[in-house]
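Reader: Could you take me through the contacts and surface labels of this model, and tell me what each label rests on?

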Amino acid sequence: MENHLQTQDWGLGLKDKHLIIAGPCSAETPEQIEKICLDMKEANMVPDVFRAGIWKPRTRPGSFEGIGEVGLTWMEIVRHHLNIPITTEVGNTAHVESALKHGVDILWIGARTTVNPFAVQEIADALKGVDIPVMVKNPMNPDLELWRGALERLQAVGINKLAAIHRGFSDAYDKRFRNKPNWSMPMHLKRIWKGMQVINDPSHIVGNREGLLETAQRAINFGLDGLMIETHHDPDNAWSDAKQQVTPRRLREIIDAIDFKKPLEAEQPSEKLQDLRRAVDHIDDQLLDLLAERFAIIDQIGDHKREHNLTVFQAERWKAVMDSRTQKGIEKNLSEKFMKELLYCIHEESVKRQEKKLREDVSVKKSV
């Protein structure tokens, strides 16, 4: 699971720890591409990689679905003015063949494609034997195994220059985001796939210009390895996703304002940090002992309910526990959201254990 190369080893001259990818949501005209490049140079904001969508998967027909293969010829403008690698999204075999024919340096697979293993496998098969970096955006829904599986399909055909992109997840209820971030998801991916780098796409997470800086900073705080920010010389008149694109000058301001953190893995932890970690380890051991003790009592409660023919779930008791424990947590400077999520997890495990006790009783009766 660790046999892949990090971005600095892709042979594209990407030396910085935090990779910056920028460019328009969609390639529109050669004049647009040239203007963005010139504005990037004027703003002293030449990114590590230039992005531009050539094919745009849209929810409904009739909207702008990308300029098509002709847009790939315009990418030579980027090479002429900026001399940096270019990247675009591919969604099928035809896209892959066109991108390779026109010398695209890096490919990415979009969220709508990642969700479909058949489509990912088709792209992987088309790339078999090709030496090219591929980035994979998370699927539309928060499914870690689906995201991981897409990366594994590419690795299985010999693609060892891989990175992931966290662009948020569909959420019909949280209107603060276009695609709600789930910061634990990329962190889990980095944990189970050692060395996997994850780029953050705040443009698609926020869906507007105002929240880009805050989300980008949070991504860096969580240890993500770079940013993909949609950049256009005239965002208000962009042919797609106008609200979330920024000018090169604004991109420069955002990058300058971000406090880029050093990756802890690259630093030797101080003695103080090691002491604090040991203290946390000790407390965690105590927490686990307490949880084991708590669930041992829960098992006894399950035995009692079985013997007296009582139901597992009792609404009034659960509400009383939830309300009282949440309030105590708040008084101890723990957030209400954290307390409720913690209590739900504990309650779910408690119910499962008690329900198991009731099943044991049914099993005994059947055997008799």
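**Reading the labels**

Author: Let's begin with Lys17, Lys190 and Asp225, which are linked in a network of salt bridges. Please keep in mind that this is a predicted model, in which local features need pLDDT of at least 70, side-chain atom pairs count only at pLDDT 80 or more, and totals for chains, interfaces and linings use all residues. Residues are numbered from 1 along each chain as its sequence is written, and side-chain values use heavy atoms, with hydrogens and water left out.

Reader: Why is the contact between Arg249 and Glu42 called a salt bridge?

Author: The term asks for a side-chain nitrogen of Lys or Arg within 4 Å of a carboxyl oxygen of Asp or Glu. For Arg249 and Glu42 the N to O distance is 3.9 Å, so the pair meets the rule. This pair links distant parts of the chain, with Arg249 in helix α11 (residues 248-257) and Glu42 in helix α1 (residues 30-42), 207 residues apart. Helices here are DSSP runs of H or I with at least four residues, strands are runs of E with at least two, and both are numbered from the N terminus. By the salt-bridge rule the count comes to 27.

Reader: How do you know whether Glu42 is buried or exposed?

Author: By its relative accessible area: under 20% is buried, over 50% is exposed and anything in between is partly exposed (1.4 Å probe, protein chains only). Glu42 has 59% relative accessibility, so Glu42 counts as exposed.

Reader: How do Asp256 and Arg252 qualify, and where do they lie?

Author: The closest N and O atoms of Asp256 and Arg252 are 2.9 Å apart, so this pair is a salt bridge too. Both residues lie in helix α11, four residues apart, about one turn of the helix. Asp256 has a relative accessible area of 54% and is exposed; Arg252, at 22%, counts as partly exposed.

Reader: Why is the ring pair of Trp183 and Phe222 given its label?

Author: Rings of Phe, Tyr and Trp (its six-membered ring) pair if their centres lie within 6.5 Å, and planes under 30 degrees apart count as stacked, over 60 as edge-to-face and the rest as tilted. The search of the whole structure finds three aromatic pairs. In this one the centres of Trp183 and Phe222 are 5.3 Å apart and the planes are at 15°, so the pair is stacked. Trp183 belongs to the loop between β6 and α8 (184-192) and Phe222 to the loop between α10 (212-221) and β8 (226-230), 39 residues apart. Trp183 is buried, with 9% relative accessible area, and Phe222 is partly exposed at 31%.

Reader: And what makes the pair of Trp318 and Tyr344 tilted?

Author: Their centres are 5.7 Å apart, with 55° between the planes, so the angle falls in the range left for tilted pairs. Trp318 is in helix α13 and Tyr344 in helix α14 (residues 336-367), so the pair ties together parts that are 26 residues apart in sequence. Trp318 is buried at 15%, and Tyr344 is partly exposed at 49%.

Reader: Which residues form the positive surface patch, and why could Lys328 be part of it?

Author: Arg294, Arg317, Arg325, Lys328 and Lys332 form the patch. Patches are made of residues with over 30% relative accessible area and no salt bridge, with like charges joined within 9 Å and nonpolar side chains (Val, Leu, Ile, Met, Phe, Trp, Tyr) within 5 Å. Lys328 is partly exposed at 49%, so Lys328 passes the area cut-off. Lys328 is found in helix α13, and that helix (residues 315-331) gives the most to the patch, with three residues.

Note on methods. Areas by Shrake-Rupley, 256 points an atom, 1.4 Å probe, with all protein chains shown as cover. Lys, Arg positive; Asp, Glu negative; His and termini not counted. Charge placed at Lys NZ, Arg CZ, Asp CG, Glu CD.
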